[in-house]
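Visitor: I'm new to this one and would like to know what the words used for it rest on. Could you walk me through it?

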Amino acid sequence: MTRRRHLLGVIAVAALVGTTGVACGGSDDGASADGSVTLEFAQWWAPELPAGSFDKLMTEFTAQNPNIKVKLLSGPYASTKQQLVSGAASKTLPDVVGLDGAWVNDFAKQGAIADLSALMKDANYDESQLASQIQIQGKTYMIPIVNFVYPMFVNNDLLAKAGVTKPPSTRTEFLDAAKKITATGGNVKGWALPLDTAVPNGIQNDVMSWLWASGGTMLTKDGKPDLTNAQVKSTIEYVKSLNDASVIAPGSLTMKEQDKVEKFTTGQVGMVIDSLAHINLIKKNNPSLNFTVLPIPAEDGYTGKRGIPYASWGIGVADSSKHKAEAFKLVEFLMSKEKNAELSTLANGFPGNKTAVPDFSNSDPLFKTAFDIYQAGYPANEFVGLPKAEDLMRSFDEQLQLTLTGKQSVDDTLSKAQEDWASVL
Amino acid sequence: MNSAKLDHAPPPAVAAPETRAAPRGRARRLWARGTAPYAFLSPTMILIFVLMIIPIAMVVSYSFKDNVIVQQNSVFVGFANYTKVLTDPDFLAALKNTFVFITVSTVAHLILGLGFALMLNTPLLGNVTKAIFRIIYILPWLFTVAVIAVIWRLMLDPSGVVNYLLTTLGGSSVDWLSDPGKALWALTFINIWAGFPFFMISILAGLQGIPGDLYEAASVDGASPIRQFWNVTIPQLRPVLISMAVLDLIWTSQQFALIWMTTGGGPLNVTEMLSTYTYKQAFSSYEFATASAAAVIVLLLTMVLAVFYVRLQKER
Amino acid sequence: MPTSKKVLTRKRRRLGAKIAVFTGLCLGAAFAGLPVVWMLSTSFKPNGEVFAVPPKLISHFSFDAYTAILSDGAQLRFFLNSYIVALSVTALTLFVAILAAYGFSRYEFPLKKSINAVIISVQAVPPITLVIPYFGLVVTLGLYNTYPGLILTHMVFTLPYAIIMMTAYFNTLPKELDESVKVDGASSWTALWRVLVPVSVPGMVAVGVYTFMISWNEYLFALTLTRTDDMRTVPIGIQLLMGQHSYEWNQMMAMSILGSIPVLILFLLFQRRFIGGLTSGAVKA
């Protein structure tokens, strides 16, 4: 009965196709027969560090904790985020996750990441050594491991060529310097403003930073939006005045952060607000670029402490992890005085452990300058811990774009953004 | 069981006149004949059911719930998410942009594809020349969308090579991707570049399938090449053109990565498409319920195209 | 003499037409090819000079980007993964599509039209809308971060068009072809694989090239359904070169050039059959 046999064959193949891997996949809880545990650790840090250095740290961790192995799941920032969102939705987050302050609130609310306060208590961990903790409703969900500050990067040669002798310290001086740089001609512009809405971080790093640098705030004390206050208004009016003076590099409405760095590196833009982490990158791509870092200019006459925007590599533990205690061991390891200092030095950031002292001896002198700026001011990033932070930035971005293209007044922009934010916060 | 015995029996002749077959054998053959097509289709059906129908059902069920995924206890809210999406001006703008984007892309693909295919099919040039051109023409097809986005961003950058050429030739530089008046057109242009080769190849294949005697007959009748084009080529190509156009509309409406990596929907939402809108709802606003509702609406709209396509197929 | 004059004008006209077509082809080639030329040129530049003003086609010619890609085990792994996935997808899609196409082309059965409609409409499902539930499903099936997961996913997207093309191709082959073998006592299975398939090679090449291209370049699911570098494919590898803060322009371009070479070779080898396969039936789908 060959035909029937063949038909059965077809069905068997069909079943096989349908089920391939169902059998061979299977769920793996990370525990193996010898009692050792494998932690999965998703982050975007390894690709940004010198090649192999993060793996080396993980090997050291396993050497200290022989029964805990770490499997690194590394990807770029944007795809790490997408994977974590998908993972959180299906309760399959890796045991340990790298977090950005802008994601914490949403993951915590979904119950995707674990309450670290409880884990710290279980481990008798001394919280006082932590420089900061990101809390939602009184519970810690993320611990910043390394912080990156965003000072103003300036191209010394372009400033000199434009005849600016004193580095700009106030908004007026900055506008003036930007105009002079733009006047040197060619494609050179004074400043770059990345407003791409796919990753709307520019609102945090390049727009609100002006507000924080003058001690301003975009939220009320109880965390409600306060976008119509005088300081926010003067910030947006200032950004608009830079735009009206045509000192901003063209293409800003769809410019991405990478483009901003690129333009500063190639000398097409004289000044940008950028992460300190980029010093090595800029030097690698253009060794002859003569640049320095400054505090972000403040409102004329402002004498208070300047807020300096920062971003963090934060760490959290998945709520679905079966090995939370082991996962916290890894957190402790990365936060330990010695290792935290080592990682910060590698990353060109500032340590999340107060007692850790980064090693300035081998790093760039600009790093020391930035550390002084950092210590003279205070870290400021009001987006950290907000729900739907990226969405808030995006809706503000869309309104700001209307102002910059002359389609809407500053007041309208702020009141509309206020309305958008009020529905979320 | 007699099946064991039957295994040794000579294979029954399928095409034998049915009157001669024993009633039982006939029933079995009919059964086999009746189930055979399902057996042949079963791998496809299982795959599509598990990996397509189930996820679609899940999306549909999400779209009727509130706070789905982000909260453990989501509730049924009826059509609330649909009302929310359909009254969102951003969604309506995305709908309009998508419409412009897919129709302009498809029409351009059709014109370019047909034009290039006609030139590549010309008897005037040698085979080697044509083969070389054919390879140049399919080049855009070889690259993954991430690279297409990056190379065009690089070239269309305000200080990129395109503007350099433009200014050297006396024009003024243009912010292709960030000028709200131009971004949608620039993006559509990129998509035209990326998508025409498959269209062209299919039309080329269609052209080569037109019997030569139709043209001979036409030229005996004294028809000029232009008349031949309208009276022979176009009617003969009609089925290919229509089905490629429908497929292209469907495929272009699904374009996500290209838009996300070039403009991200900006500036001023002028390049916001249904795909980027849905993505933002899900991955940035964490509104999985409204994202699903938007997804279902998109699905229904593309289904209209699919139904049209099925109709076309049945006509033939 | 009137006739020779006619021949002369016809010759001249022919030459004119030839020049016109050639110019048209060159213009089209510029449209299609210049971005690729710029891609090539970028891949040979040091990273710092990508944005040099004025832009140069060739500045400091270097193979550094290519050496960097080819000497990096992780990058080569992306290529290996892409081959494994794309070749498996092509083979499996062909196998499954041939079976389905045979069913559609040679049988009449009650649900034929509805099943056909379902398969066609599956093409209309926008992948982006399925990402979230799909991810959960793949995790539940234990297929997350595995080759089968990626292969089966790509198949769902390649199958519909492959079945449409294959069915159309089989429809162009006379039924007598396989019926005659069946009269001799062969089963439909034998008729399909021994008779129909061997004469369908051009159609299979067309379907195969199409499928391979889709799978080789697929981006969204390759990104979502993998999480370790040992499972990721070339498009994701290229994306990994775009860091959070900067682009490795030259390496990205070098990798995409390297990635396109196998597909180019595939097309070079099969272009005649590919177009032929589309011609004899498939485009009538």
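Visitor: What makes residues 83–105 of chain C count as helix?
Guide: The span is 100% helix and 0% strand, where helices (H or I, at least four residues) and strands (E, at least two) are DSSP runs, numbered from the N terminus. Its end C-alpha atoms lie 31 Å apart. This is a predicted model, in which local features need pLDDT of at least 70 and side-chain atom pairs count only at pLDDT 80 or more, while totals for chains, interfaces and linings use all residues. Residues are numbered from 1 along each chain as its sequence is written, with chains lettered from A and ligands numbered from 1 in the order in which they are written.

Visitor: Where does the label "transmembrane region" come from in chain C?
Guide: From UniProt, in an unreviewed entry, which puts it at residues 20–40, 83–105, 117–144, 150–170, 191–213 and 252–270 of chain C. UniProt positions are given in the numbering used here, feature names are shortened, and annotations may be inferred rather than shown by experiment. Residues 252–270 of chain C are also 100% helix and 0% strand, with end C-alpha atoms 28 Å apart.

Visitor: Which residues of chain B carry that UniProt annotation?
Guide: The unreviewed entry covers residues 38–64, 99–120, 132–155, 183–207 and 288–310 of chain B. Residues 99–120 of chain B are 100% helix, and their end C-alpha atoms lie 31 Å apart. Residues 288–310 of chain B are 100% helix as well, with end C-alpha atoms 31 Å apart.

Visitor: How do you know how many residues of chain C are in contact with chain B?
Guide: Two residues are in contact if their C-beta atoms, placed from the backbone, lie within 7 Å. By that rule, 80 residues of chain C touch 77 residues of chain B. Helix 1 (residues 2–43) of chain C gives the largest share of chain C's side, 15 residues.

Visitor: What classes do the residues on chain C's side fall into?
Guide: They split into 57 nonpolar, 19 polar and 4 charged. Ala, Val, Leu, Ile, Met, Phe, Trp, Tyr, Cys and Pro count as nonpolar, Asp, Glu, Lys and Arg as charged, and the others, Gly among them, as polar.

Visitor: What are the domains of chain C?
Guide: Domain 1 is 2–43 and domain 2 is 64–284, with bounds from an automatic or database domain assignment. Their C-alpha centres lie 35 Å apart, and 4 residues of domain 1 of chain C are in contact with 7 residues of domain 2 of chain C. On that side, domain 1 of chain C has 2 nonpolar, 2 polar and no charged residues. Chain B is divided too, into domain 1 (11–62) and domain 2 (80–315), whose C-alpha centres lie 38 Å apart.

Visitor: Over in chain A, why are helix 13 and helix 14 called roughly perpendicular?
Guide: Helix 13 (residues 324–335) and helix 14 (residues 337–347) of chain A have axes that cross at roughly 70° and come within 5 Å. Axes are lines fitted to C-alpha atoms, for helices over the stretch in contact, and angles run from 0 to 180 degrees between N-to-C directions. Angles under 35 degrees count as roughly parallel, over 145 as roughly antiparallel, 65 to 115 as roughly perpendicular and the rest as oblique. Helix 13 and helix 14 of chain A are therefore roughly perpendicular. Among the residues making the contact are A:Phe333 of helix 13 and A:Leu343 of helix 14.
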